[in-house]
Structure formats: C-alpha cells, structure tokens
There are 2 protein chains.
Amino acid sequence: MQSIKNYIEENKTRFLDELIELLKYPSVSADPVHENDVLATAEFVAQKLKDAGADKVEVCPTAGYPIVYGEKIIDPALPTVLVYGHYDVQPADPLELWKTPPFEPTIKDGKIYARGACDDKGQFYMHVKAFELMMQNNLLLCNIKFMIEGEEEVGSDNLGKFVASNKERLKADVVLISDTSMISMETPSLETGLRGLSYMEVEVVGPNRDLHSGVYGGAVANPVNILCQMIASLHDENNHITIPGFYDGVLELSEEEQKELNSAPFDLEEYKKDLDVEEVWGEKGYSTIERTGTRPTLDVNGIWGGYTGVGAKTVLPSKANAKISMRLVPGQDWEKISDLFTKHFESIAPKSVKVKVTKHHGGAPYVTPTDSVAYQAAYKAIEESFGKAPVPTRGGGSIPIVALFEEELEVKTVLMGFGLDSDNLHSPNEKYDLYNYYKGIETIPLFYKYFAQLNK
Amino acid sequence: MQSIKNYIEENKTRFLDELIELLKYPSVSADPVHENDVLATAEFVAQKLKDAGADKVEVCPTAGYPIVYGEKIIDPALPTVLVYGHYDVQPADPLELWKTPPFEPTIKDGKIYARGACDDKGQFYMHVKAFELMMQNNLLLCNIKFMIEGEEEVGSDNLGKFVASNKERLKADVVLISDTSMISMETPSLETGLRGLSYMEVEVVGPNRDLHSGVYGGAVANPVNILCQMIASLHDENNHITIPGFYDGVLELSEEEQKELNSAPFDLEEYKKDLDVEEVWGEKGYSTIERTGTRPTLDVNGIWGGYTGVGAKTVLPSKANAKISMRLVPGQDWEKISDLFTKHFESIAPKSVKVKVTKHHGGAPYVTPTDSVAYQAAYKAIEESFGKAPVPTRGGGSIPIVALFEEELEVKTVLMGFGLDSDNLHSPNEKYDLYNYYKGIETIPLFYKYFAQLNK
C-alpha cells in the first residue's frame, strides 16, 4: 500500500538514526564486562516500544539479562501476533579484522556495518518501526505483543522460565521472528526449518604441570596431541559423525523435498569464490544445501592449549581445551545428543589423560508447517512487497526458543528473515543492507494485513 | 679440598645474593617487550666476570642479543676450557600458575624459585663463582674462557656466526656446559647425549573469514577440525611418527647400551605420581628412559584457533595454528627433518584448506665420547665431591650449539649439569636447589684439577 511506502519515505532518516543509536550499545551477553551495556540496551528498547505506542511496556528481570515486554491489544477477539527478537549480540572479536569499529556503526555502499547490524538488532527493530507505522496509519488489524530478550547469543538460559511463568501474558496465535536470512533480495525466501544446537566444552588434562618437552617429550601424553586425536576421531573418512546413536531418529528428506530444496538458486562456484576455498567440504552423499539445511554437523568453535605467544617455547602443556558445537536436525533431541557426546568423548579418552566435558547450552531443531495461516500470510506479504513469491528454504542456524514456544505456548513460529548469509553474522564486519531494513519495515505490515484477513 | 669448602662457606651469603640479583632480570629472549631487560642482563654478567678476575671481558654485539665473553689465560701452553652458558630465560607464562612471582626470587625449603633459577642462570653462574674461587685460591691450573649467550631459548640464531668468526678467540680443548640435569643428589649422573630439535609453526586456513557455524557448518571445512586431523595423523597407533623418512638413519642402541641405560635408578610409579598421570605414554617397544633419551618425538607445544573466550560463540573459524616441535636423536639431521615435516604436512592438507608451514629453529643431536680426558675429569670431579661415581645418562633435552662447537671449533663438549628434572624447567615455579648450587661451585674446581692432571 502507498501509505506504507510514504510513511517509510517520510521517516527514512529517523528510522536509520534510531538503528544507529541501538547498534552503538556493545550488548555482548557472553562477556561479563559488558553487563551494564546489555542492561542499558534493554532500557533503550523499552523506551522505543513506548514511543512506538506499546502499552504495559516492562523490562522484566530474570536470573540473567532482562526480557523487554510490550503489547498493543486493539481487540481481545482478534488474533494476536507475538514478536520475538534479541537485543544482545555476539562477541566482536577478533577485533583486528574489523575494517570499522564494531560498535561505531558505519554506512558504506548502502550497508550499515556493526556487530548486531543484522543479528538481531537490525532485524527486530524493523518490527518496532513497522509497529509504529501501523499505529500511525491505523493499519494494525490484530493484536501485537513484543518479547525482546538479551541472552539469545548465550543460550537463552532464562527465557524458558519466563515463558513458562507468563503463559497468559504471552498468549498468541503465532510467533513472528526476523532473525534468519533470505537467499538474496532478488530471490526472497522463507525459512521452513531450523537446526538445533548442542554446545559443549572439553578439557583434556595430562601431567599436573607444564613440562619441558625435551625432558618429558615422548614419555608423557601430550594433551594437545591427544585432544587432536580425539577430535579427529569424531568424523570418519566420509565426514559422518562417529558418536554412537548420533543419527538415531534423523529424518531423511523425501525425494520431493530434496528436489524442492535443491531447486533453490545456488551457485557453487560463487559460493566457493565468496569464501575463497578451492573445495567445499562435508558429509558424503549430500549437496551443500542439504548439508547446511538438513544434516547434523559437528564443528570445533575454538581450541587452545600450550604456548601461543611470540616465538618458540618447548613446553609439553598440562592441558588443552576446545569448544565444540553440534547442529541438530528434526528427530534429534539436543539434551540426548549432549549426553551422547559426553559419554562418547569420555569413553575415547586414553588412560594417560583425564577428560572433563561441560555442557554450554543447546536447543531443539524446528520445522515450520507451510500450510498454516501465518506461513501463508508471510508468503503473501513477501510476494506483494518483493513482487516475487518466496522460495522455501531450510536454515542452518538455530533459534532454540522456537521449539520452546511450541512446547510452552503451543504456538507455531513463522521465520520471516531479511538478512543475507553474506552479512557476516558472528564474524568481523557484520553488516545489514539498508535496502533490506526498509524492505522489512515495508513487508511486516503486509504480514499483519494478510494474517488478519486469512483469520477471518 | 678443604680450601674449596672453606671459601664457599665464607662466601655462601654473597654467592646467593648475587644469584638473586641475576634472577631478578626478566631476560625473556622470546618476547620483544623484554629487550632492555635482556641487554641489562648481559651487562650484569660482564661485570661479574670482571669482578671474578676475567680479562678481555666484552659484551659482543650480534644481529640479535649480545654474547658475553671473558677469559683468563694463565699459560698458553696449558689446556683451555671454554665455559658456555646462557643468560636468557624462557617466557614465564602461564603466570597465574606461579606460586611466587617468576622474577622475584623466593627461597623456600632450601630451594630458590624463579624463572631461570636452574635453566640456566643458576647453573652458569656456578662457573663464574667457581672461577672466582679458583682465582682467589690459586687453584686455576689451566686456561679458562667464558661465552655466555642471550638467545639459547630462541634457537641461538646468532651464535653460529659469532663462533665461526671468532675461532681463534674461542680456541679450546673442551667445552664445559652446566645446562642439564642429574638423576638426583643421591644419584649423581653425567649426560652422555642430547637430543636435537626441529621447531615448526603451522597455519591452516579455511574460509577467508570467520563464519556462522549454523549457516556454513557442515558445508565448509573447519580449519580447527582439519588441523586436528592432520596433527592426529602424525602418529600411528603405536605412537610411531608417520612422516616419511623421519626415522632414516636413527641409531638403535646396542643391547649393552640399552642395558646400561635402563640400569639407571628409575621408579615408574614415582614418576607417574609426580606428574599425576595414571599411565605413561610413548612409542611402542621402548622404556620411558629410552623414549626420553634415545628416541625422536613430536609434540604440539601450542595450539590456537577460533573463539577461546568466556562463554559460547558459534563460529566456524577462518584459521587455526599450532607450534609443533620434534626432538631428534643421533643419525637425524634437523634441517632435513624440518624439510621432511614441511613437505609431509603440506602433502596431507586437503584441498578444502590452505596450509602454511614456518621453521622456527632447530639443532643437531649430540653424543659425548665417554673415553675423553674431559669426560673422565668430570667423572672424577663428581665422584670426589659427591663421594659416588656418576651414572651415565641420555638427556632428552636439546642444546643445539653443542654440535655447532664440534663443527666450528672441532672440540668436544662435556655436559656437567647439576639440575633436576623436577626443577620445572620451562614450567611455572622453576626452582634450583641451593644445595646443588653450592655443590656445583664445589665440583667445578675439581674438574679443572683433574682436567689439568689428566692432560699432563
């Protein structure tokens, strides 16, 4: 509708200024030194919800970082949309690889560069602005509730409790989330599934102190060498994961699903060129799209041990550590997988070392029903604003709370993401295309329009 | 002789005070921030050589850190002993594991705790004090030359050039070094061999940037996982090293040598208890003493990659690095081994990553002839001062310059060390027993006595 386009045009600059302000907060939930920044971000978000016209806005305390809530109930008889997002961001390191400071948003070639630009500040804030737009133009045709949390990047540890104890307040007909990607602006897409996650940390301890590698080398197990052997053994020669029971219950795609999935536009040469790799890698027997969208994986996210400074130190380290996470698919229970990993990792440790396995966090995989009213509304909204029907895709990422909502609130989720895989999520120089930002603000009201219509 | 014991008794306190002063210098050659500390240490050593009575003392500049030289020629016709030592020390980290600050020497239970206490400040300084003692008591019966360098812990890069261009000045009949260990004070021993060293650094690069492990995980090679696989493949199931040609030319011990070596007092249970490991580790078919003394090894000295901070970060890192060193035995050429390693490591890299291999430094292995006059002199000196004949041992460590001396100066080396394996060389809480310190100062003049006698 023209009114939407006009309002966005008239408020373009302010919409951007507010996003810049939001991106300046270093709300890194993983790092305790940023505690006050995270808390300040919550207050900022609450204020912006109020300004946009939300009622009962509250910064709800939890055992960790607060959850910002706000709502607009225009008529209890009408359907209700629960918007979820997160105001916390990933750590910015390695800092030296950022071309511009991660918390000094910089605009270049129509893109805004900053940690959280796309994940998820840029994306959830579209909903705040779309809400303002609907309020100002009497376009809000159903009820809306906002729940913006501050611990998504560290496992949403306290969200479950909050949701369980606020079922009435959070009651809704659908959860709407913009925290995923599209194939491209030319090829809009809609996520129909997400992978689950199990994030572990391991420690391998050899001798009780760092040793001289000359005096003891060759006679005492080196925990780094042992850790490497243990990690290497977690994949076989076909890059299948070797943890017993790991694949139990994993659903293979039907030929049709497989065909549809692989029909999505994908240029392997472009993909390799963009990453500057000569060859892709992965589980034998699956395409790249299948590997990221439909197959479970195991990646070392970090490893450290021994001397990592300048020059050479001939030390046989006392211990070695690694952070290892697994992406899970429908049929896998993340808690069961965490236990299988722990049991297996302990079982393959030689007697010459001691092993400690710690669970960080996890979440269940999710598949969206494409026949639901909400999915159809999102489909039509994108079709109208992009002038092109969206391609259904399976996202590789994980939004653990999607499964939580289904369990606790008995409500389905629609993943209407406007990011791009090339937005460097979790990487240096994270960015968000301003075109996508404004396009999102334009598309969201259309979702409400169709959601109200289809619910009639 | 009584005169020796008396002089030590009279000067005990000063000998200790001077050592403490020396240990206070953080002369970490591996870390550029300590450049001035290393240079100041050289000046200190030069001054102490002068005070002890050395002539022609000079802090000789090199492309790196200077070499301190000093001499006392009492009669050109008499044999000459060249004393080698190093005033630089290993990095002190991990600092948090030190019970007392590494550069604030602390005495506890008759031991002095500080970085460099044993390796090598405490040990080379015994020679400075023994020299003073001989000068004051007219016990110096042959000529003496000192060469104390500042780059031993980083590969003695500039020593070779110095030695080659100072052959006349350094001319000697034997090189005497105290930079190794004894079995125990109850079981004095003499090193008859040392392992060589090849120290490498590797980098494995996958995608050109850190990636979101959800979006790309399972489809792009993770350099940490790949590095672990590559490192794991460097040992086979019997812990033999798999680098083609690695063992070429390695000399197996004769049954007799093997018997003599294993006859040295060694308590495996004590050894395991001291390190708090349930089982030892190593190459199949060899005893612990053989593994450390006579077999080549490969150890990861450090590894790093991805997110190593607090909490969890779901990143697929762009690269991973490791420092890997190999201990070499007679028959192995360290430069050839470095090349074999490089070639092999590059050859096992999958096409999905790029690999960079860098040589840090290295040195040749060495075996001391036990029938030489110098070895016999050391043997008798220890026998007299300890009242017990020393056990011949094969040290696991490396003193690359020993081979250099043989090559450039055509002179053999005697390794008369007074440290203990439990002195935490290269580890936190490095220490040196004051009993050993004084015992060394007492033993060294006896070496000169017998060396002069046996040369008659």
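Contact here means heavy atoms within 4.5 Å. By that criterion, the interface in this predicted model takes 88 residues from chain A and 88 residues from chain B. Between the two chains, about 7700 Å² is buried, whereas domain 1 and domain 2 of chain A bury about 740 Å² between them. The whole structure contains zero disulfides over all chains.

**Interface between chain A and chain B**

- Carbon and sulfur atoms give 53% of the area of about 7700 Å² that is buried between chain A and chain B.
- Polar contacts join 44 residue pairs between chain A and chain B, counting pairs with both residues at pLDDT 80 or more.
- Five salt bridges are counted between chain A and chain B.
- A salt bridge links the side chains of A:Asp276 and B:Lys354, with an N to O distance of 3.7 Å.

- The closest cysteine sulfur to that of A:Cys228 belongs to B:Cys228, at 3.8 Å.
- Because a disulfide requires cysteine sulfur atoms within 2.5 Å, the 3.8 Å separation of A:Cys228 and B:Cys228 is too far for a bond.
- Seen from the other chain, B:Cys228 is likewise in no disulfide, and its nearest cysteine sulfur is that of A:Cys228.
- A:Cys228 is buried, with a relative accessible area of 0%, and B:Cys228 is buried, with a relative accessible area of 1%.

**Domain arrangement in chain A**

- The domain assignment of chain A places residues 2–194 and 365–454 in domain 1, and residues 196–250 and 296–363 in domain 2.
- Ten residues from domain 1 of chain A and ten residues from domain 2 of chain A take part in the contact between these domains.
- The C-alpha centres of domain 1 and domain 2 of chain A are 35 Å apart.

- Of the area of about 740 Å² buried between domain 1 and domain 2 of chain A, 63% is on carbon and sulfur atoms.
- A:Pro365, A:Ser398 and A:Pro400 together supply 60% of the area that domain 1 of chain A buries against domain 2 of chain A, more than any other three residues.
- Zero salt bridges are counted between domain 1 and domain 2 of chain A.
- On the side of domain 1 of chain A that touches domain 2 of chain A, five residues are nonpolar, four are polar and one is charged.

Technical notes: Residues numbered from 1 in each chain as written. Chains lettered and ligands numbered in written order. Predicted model: local features only at pLDDT ≥ 70, side-chain atom pairs only at ≥ 80, totals over all residues. Heavy atoms only, no water. Domains from an automatic or database assignment. Buried area = accessible area lost by both parts, 1.4 Å probe. Salt bridge = Lys/Arg side-chain N within 4 Å of Asp/Glu carboxyl O. Nonpolar A, V, L, I, M, F, W, Y, C, P; charged D, E, K, R; others polar. Buried < 20%, exposed > 50% of the residue type's maximum accessible area, 1.4 Å probe, protein only. Polar contact = N/O pair within 3.5 Å; in protein donor to acceptor, adjacent residues only side chain to side chain.
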